[in-house]
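Please look over the sequence and the structure shown here before reading the report that follows.

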Amino acid sequence: PHYLMWFRRDLRLHDNTALTALCEKAATDNAQVSAVFFLTPKQWQAHDMSLVQVDHIARTLPILAKTLQDQLNITLIVHSAPSFADCIDTLTTLCQKNHISCIMANHEYEGNEIDRDEQLTKQLAKDDIEFVRWHDQCILPPQSITTNDDTMYQVFTPFYKKWRHTLDVDEIQLHDAPAIKDNHDIDLQLSKTSVNTMKEIESLCKNTVEDYQKTLQDAEALQHIDSEEQLKHARDAYPAGEKAACQQLERFIAEDINDYDVGRDVPSLNATSQLSAYLTIGTISPRLCYLQAHKAQEKLHGNDGDNEDINRWISELAWRDFYRHVLVDKPELIRHQAYKDDTDKRINWSYGDDDFQAWCTGKTGVPLVDAAMKSLNTTGFMHNRLRMVTAMFLTKDLLIDWRWGERYFMQQLIDGDFASNNGGWQWSASTGTDSAPYFRIMNPFSQGKTHDPDAIFIKTWLPELKDIPNSTLHSEEKLRNSLSKGGKFASLDYPLPMVEHKKARELAIAEFKK
Ligand code: FAD
């Protein structure tokens with residue numbers, strides 16, 4: 001028999017649930033194994049996938065192909081299929097021509113992905129071909145952490161308690177796929193859209209990124225950024241492949257995790273793990289992240305040790321699980337409905353294009369917000385604290401529909417991920433599960449004072465403000481005065497704050513109260 005591993009958002013060999021299951025089955029049945037990955041640019045664009053994330057996937061695939069071949073003796077076929085419908089057709093033909101009797105993959109939890117998998121299951125069943133999917137994206141699978149009534153938690157803290165308790169009780173095992181002996185390749189009738197040699201994979205991936213960049217340019221999706229600069233930053237910051245991802249985890253645990261509780265809130269420090277880009281495309285296993293953190297805790301404190309910094313980091317991994325569990329529980333979120341659906345009816349969101357453009361381009365006149373947006377546009381990454389500050393500014397100070405911001409983030413972020421991004425936006429807009437109460441609105445000036453007291457982050461991204469004293473940058477009133485006519489910095493090419501935070505806050509609260 002011949003089996004097929006279908007890679008999606010799990011671009012790694014280590015602890016890959018489907019890959020291990022398939023290789024073990026192949027060993028038992030004495031079967032051959034091949035692997036496939038689909039480049040689906042039309043679908044990516046429909047999902048607002050950023051250029052830097054597409055590039056990250058494209059940089060990862062040749063590495064995945066090589067490690068698969070070297071370590072497991074499996075050939076990776078990379079196939080270009082614009083949309084999910086094309087994947088279904090190609091997989092069906094591939095299976096029929098090569099007598100493939102089983103495909104395995106790891107679950108994806110978004111709407112089009114689920115539809116695609118269900119259609120494929122039906123299609124393959126006609127030929128008696130099995131399509132088996134495994135839970136792999138979370139540390140603990142969706143629907144495994146529920147209340148006593150077997151429903152999904154609405155609030156994070158009790159979810160987290162149960163999640164931690166379950167992990168304490170059940171030891172997680174990392175999966176290790178065995179190599180396939182005497183493997184031979186399937187007949188693919190390779191064409192330009194389907195390749196399997198290293199050189200061809202590299203070249204197909206490179207062309208796909210160039211074409212995607214052009215498509216986005218034509219669609220004016222890159223109008224606010226210098227895409228070459230963003231690509232360069234992302235390539236430097238995120239070397240591709242699972243080895244690089246695991247080294248990043250090791251480095252973080254050796255150097256930064258012990259100061260995480262405080263360091264994580266200081267954008268200029270870069271003291272967080274920077275693993276999200278890898279977790280999003282699956283080049284690192286979330287279970288490995290948890291286990292390594294857990295080990296570090298044991299090393300420091302013994303068996304029943306507790307460490308605030310490490311616990312805090314583990315709780316962030318739990319947020320990632322939480323938002324995926326929420327999405328599985330409430331699949332309509334994928335259509336960008338508010339979690340608290342009454343907010344869609346009650347709140348009169350604004351759709352002012354000029355205000356939105358000022359936010360996108362970092363021209364709001366609020367230094368922390370502008371610096372954050374410039375960092376996103378230049379690097380394809382934004383620090384978590386700043387994601388909250390910018391998202392609150394858009395949805396509360398400007399009262400703009402959170403869906404506009406959600407989409408802009410997806411289009412820029414290297415770690416863009418539906419569940420976490422939607423969760424983060426709805427948290428900030430007070431429309432989501434366990435979100436910020438609507439009356440607790442972050443003041444972007446006080447946030448600057450607390451989290452960037454020396455204005456290091458602000459001045460890195462807005463060098464034109466280098467001569468303004470920090471105390472002025474962190475006070476709306478002082479900044480307004482010094483930038484206004486007759487003020488000390490009136491000649492600077494930097495806008496006045498576009499709204500008065502106090503007034504905007506009152507308006508937002510009134511709108512929510514209504
Ligand atoms: P660390 O602080 O080292 O955390 C470790 C890991 O935990 C992260 O890599 C991430 O996988 C997970 N994590 C941390 N915080 C959160 C969180 N609040 N929610 C869910 N998972 C979390 N994260 C994404 O991965 N993709 C997104 O598209 C995304 N969009 C966001 C949008 C908004 C408005 C907000 C407020 C948050 C968003 N986040 C998103 C969560 C968070 O900002 C990033 O995961 C984090 O900044 C990544 O940096 P890091 O890897 O250094 O994180």
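## The nonpolar core

A nonpolar core is a set of buried Ala, Val, Leu, Ile, Met, Phe, Trp, Tyr and Cys residues joined through C-beta atoms within 7 Å. A residue counts as buried if 20 or more other C-beta atoms lie within 10 Å of its own, as exposed if 12 or fewer do, and as partly exposed in between, with C-beta atoms placed from the backbone. This is a predicted model, in which local features need pLDDT of at least 70 and side-chain atom pairs count only at pLDDT 80 or more, while totals for chains, interfaces and linings use all residues. Residues are numbered from 1 along each chain as its sequence is written.

The largest nonpolar core has 142 residues, and among those with the most contacts inside it are Met5, Leu61 and Ala372. The largest share of this core, ten residues, comes from helix 3; helices (H or I, at least four residues) and strands (E, at least two) are DSSP runs, numbered from the N terminus.

In helix 8, which spans residues 227-237, the buried residues are Gln230, Leu231 and Ala234. They lie on the same side of helix 8 because they cover an arc of only 100° around the axis, the arc being that of the directions from the helix axis to the C-beta atoms. The face turned away from this buried side carries the exposed residues Glu228 and Asp236.

## Around helix 16

The cover over the buried residues of helix 8 includes helix 3 (51-72) and helix 16 (367-379). Helix 16 is also part of what covers the buried residues of helix 15, namely Ala358, Trp359 and Cys360.

Key
Contact = placed C-beta atoms within 7 Å.
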